[in-house]
Structures are given as C-alpha cells and as structure tokens.
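Take a look at the structure below. The text then walks through a few of its features.

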Amino acid sequence: RREALAELERIGRAAGGLPDQVATRLSVLLRRTALAAFPRETVAPLAGTAWLAFLDRSYDGEEFSQGVGRLLISAPYRRAAPDPDEVEALVGVARRWIRRHHV
C-alpha cells in the first residue's frame with residue numbers, strides 16, 4: 001500500500017500536465033496493487049465493467065462503476081482529456097481504494 005500510495009502521489013502531481021494519461025496510469029497502478037493483494041486468477045481476467053465492479057466490491061463503494069471511476073475504462077476513448085476536477089476526483093477514489101481495499 002505504501003508503494004502504491006507513493007506512486008499515486010507522483011501520478012497526482014503530474015496530472016496537471018497530462019490529464020489525458022492519468023486514467024491510464026491510475027488503471028495500471030490499481031491493477032498492480034490488486035494483483036499484489038488478491039489471487040492472480042481473480043484479478044487478471046477482469047476488464048471493463050467487471051474490473052470496475054471488482055474495485056467497488058473490494059472496498060464497499062460504488063464510485064468506480066457508478067461514478068468518476070468509469071473514467072478508467074472510458075478516458076482512453078474520449079476525444080477530449082478529462083477536466084481537472086474529474087482528474088482530481090479520480091485520483092481521490094483511487095487513493096481511497098488503495099487505503100481501504102480488503103481481501
């Protein structure tokens with residue numbers, strides 16, 4: 001968790017200059033963190049809405065499948081970069097997941 005939170009802080013600091021890449025970098029970070037905490041066979045095959053649902057279930061939230069966390073799967077396909085408020089909210093939900101996820 002400490003390593004993931006440190007990486008999250010680096011991503012958050014870079015977010016102002018690279019908002020279009022933040023969702024991708026956060027998705028990779030969350031995937032690596034999940035693979036370290038959960039069985040590989042549970043996490044590795046997840047994609048799209050199944051990935052978001054897993055993130056929600058593993059920390060008792062809804063912000064991935066019902067909120068700003070949807071950017072993890074939609075941002076790479078948007079024409080415009082997420083706005084700064086969306087990026088900040090996404091970094092926040094990623095931080096909460098890293099701190100609170102449970103196996």
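Start with Thr33, which touches Ala4, Trp97 and His101, leaving aside residues up to four places away in sequence. Contact here means heavy atoms within 4.5 Å. The model is predicted: local features need pLDDT of at least 70, side-chain atom pairs count only at pLDDT 80 or more, and totals for chains, interfaces and linings use all residues. Residues are numbered from 1 along each chain as its sequence is written, and side-chain values use heavy atoms, without hydrogens and water.

Thr33 sits in helix 2 (residues 19-37). Helices are DSSP runs of H or I with at least four residues, numbered from the N terminus. At 10% relative accessibility, Thr33 is buried. Buried means under 20% relative accessible area, exposed over 50%, and partly exposed in between, with a 1.4 Å probe and protein chains only.

Ala4 also takes part in a helix pair. Ala4, Leu5, Leu8, Glu9 and Gly12 of helix 1 meet Val91, Ala94, Arg95, Ile98 and Arg99 of helix 6. By class, this contact has 6 nonpolar, 1 polar and 3 charged residues. Nonpolar covers Ala, Val, Leu, Ile, Met, Phe, Trp, Tyr, Cys and Pro; charged covers Asp, Glu, Lys and Arg; the others, Gly among them, are polar.

How do the two helices pack? Helix 1 (residues 2-14) and helix 6 (residues 84-100) pack at about 175°, with axes 10 Å apart. Axes are lines fitted to C-alpha atoms over the stretch in contact, and angles run from 0 to 180 degrees between N-to-C directions. Helix 1 and helix 6 are therefore roughly antiparallel, a term for angles over 145 degrees.

Asp60 lies in the loop between helix 4 (48-57) and helix 5 (71-74). Asp60 is exposed, at 66% relative accessible area. Its phi is near 60°, a positive value in a residue other than glycine.

Definitions and conventions:
Angles under 35 degrees count as roughly parallel, over 145 as roughly antiparallel, 65 to 115 as roughly perpendicular and the rest as oblique.
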